[in-house]
Amino acid sequence: MATLEIKDLHVSVRTDDAAKEILRGVNLTVNSGETHAIMGPNGSGKSTLAYAIAGHPKYEVTSGSVLLDGEELLELEVDERARAGLFLAMQYPVEVPGVSMSNFLRTAATAARGEAPQVRHWVKEVKQAMADLDIDPSFAERSVNENFSGGEKKRHEILQLDLLKPKFAVLDETDSGLDVDALRVVSEGVNRYTANKDKGVLLITHYTRILKHITPDFVHVFAGGRVVESGGAELATQLEEEGYVRFTGAKESAA
Ligand code: ADP
Ligand code: MG
Ligand code: MG
């Protein structure tokens, strides 16, 4: 079993002349075999958590730690974090003209696995994974993320999950910009991944709609840069009915 442990994480974001503290002591433990949903109002710091774990240079960790099986991830370079078994969608460049998806994925798989997959097996693997996600075969020859629609980017994230088989995945707003069919296909992809009992997921979402397809083992409410309440899947249902009002004092609906 593997464990991803976030301990008393404090993160500031750098603006032109100042640093503003966004995360104010996040504690969270994800074991393999578990899906944790992080839900919370806009601006509560959910994406900041994802960026900080990903090692985005704009987000400065001022204290705390993120451990994968006891190893401090925050001391690792971004590619080393991936090799340690963490999936970080954000580490990949937004657009890489001239590099085909199929080459990009093979390079990523080589980094994650420590050896290059055999071309014949690889082509089959990619074909199968793309078929599972209803991705058009022509996608493999397109440049990385060039002119991808929102939905295509999200499918691409799940395609990587499927092919790279990381121990832990942090997925931020995987449901945003997806129509009903794409949401189903993407959710099924996440469910296939978590069917492996040695995989864990941190699913960050503002809305409950993806949780109709993916049943989390734990739900955490994020507000003001920290986890303010944790519970089971029933907590998401409650948030759908009540919104985040209880946590913000402001009127904002979760659904
Ligand atoms: P959420 O994902 O929960 O909506 P974010 O993590 O995106 O929240 O944002 C939390 C707070 O941090 C917001 O007040 C936002 O304006 C601020 N913030 C996040 N990223 C940046 C950034 N790169 N530059 C300036 N402020 C930022
Ligand atoms: Mg936001
Ligand atoms: Mg966000």
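Which residues surround ligand 1? The points below take up this question and then turn to the parts of the fold linked to it.

1. The protein has an average pLDDT of 89, and 94% of the residues score at least 70. For the complex, the predictor reports an ipTM of 0.95 together with a pTM of 0.90. Where pLDDT is low, the predicted coordinates should not be read in detail.

2. **Surroundings of the ligand.** The residues around ligand 1 are Val-13, Thr-15, Ile-22, Gly-40, Asn-42, Gly-43, Ser-44, Gly-45, Lys-46, Ser-47, Thr-48 and Lys-58. Sorted by class, this shell holds eight polar, two nonpolar and two charged residues. Helix H1, which spans residues 46-54, gives the most to the shell, contributing three residues.

3. **Helix H1.** Is this helix mostly buried or exposed? Eight of the nine residues of H1 are buried, and therefore the helix is largely enclosed by the rest of the structure. The buried residues in H1 are Lys-46, Thr-48, Leu-49, Ala-50, Tyr-51, Ala-52, Ile-53 and Ala-54. Lys-46 and Thr-48 also belong to the surroundings of ligand 1. Just after the helix, Gly-55 adopts a positive phi of about 85°.

4. **The nonpolar core.** The largest nonpolar core has 60 residues, and the members that touch the most others are Met-39, Ala-52, Ala-169 and Val-170. H1 gives the most to this core, with six residues. As for Ala-169, its contacts are Phe-87, Leu-161, Tyr-193 and Val-201, when residues up to four places away in sequence are left out.

5. **Strand E11 and its parallel partner.** Strand E11 covers residues 218-223 and is mostly covered, with five of its six residues buried. Strand E3, made of residues 35-39, runs parallel to E11 and is joined to it by four bridges. Met-39, already named for its contacts in the core, stands opposite Val-221 in E11.

6. **Strand E11 and its antiparallel partner.** How do E11 and strand E12 run, parallel or antiparallel? They run antiparallel, and five bridges join E11 to E12, which comprises residues 226-231. Within this pairing, Val-219 has Gly-231 in E12 as its bridge partner. The hairpin of E11 and E12 has two residues between the strands, and Gly-224 takes a positive phi near 60° there.

7. Strand E11 is joined by bridges to E3 and to E12.

Terms used. Residues are numbered from 1 along each chain as its sequence is written. Chains are lettered from A and ligands numbered from 1 in the order in which they are written. This is a predicted model: local features need pLDDT of at least 70, side-chain atom pairs count only at pLDDT 80 or more; totals for chains, interfaces and linings use all residues. pLDDT is the predictor's confidence in each residue, from 0 to 100. A residue is near a molecule or strand if its C-beta atom, placed from the backbone, lies within 6 Å of it. Ala, Val, Leu, Ile, Met, Phe, Trp, Tyr, Cys and Pro count as nonpolar, Asp, Glu, Lys and Arg as charged, and the others, Gly among them, as polar. A residue is buried if 20 or more other C-beta atoms lie within 10 Å of its own, exposed if 12 or fewer, and partly exposed in between; C-beta atoms are placed from the backbone. A nonpolar core is a set of buried Ala, Val, Leu, Ile, Met, Phe, Trp, Tyr and Cys residues joined through C-beta atoms within 7 Å. Two residues are in contact if their C-beta atoms, placed from the backbone, lie within 7 Å. Two strands pair if DSSP finds at least two bridges between them.
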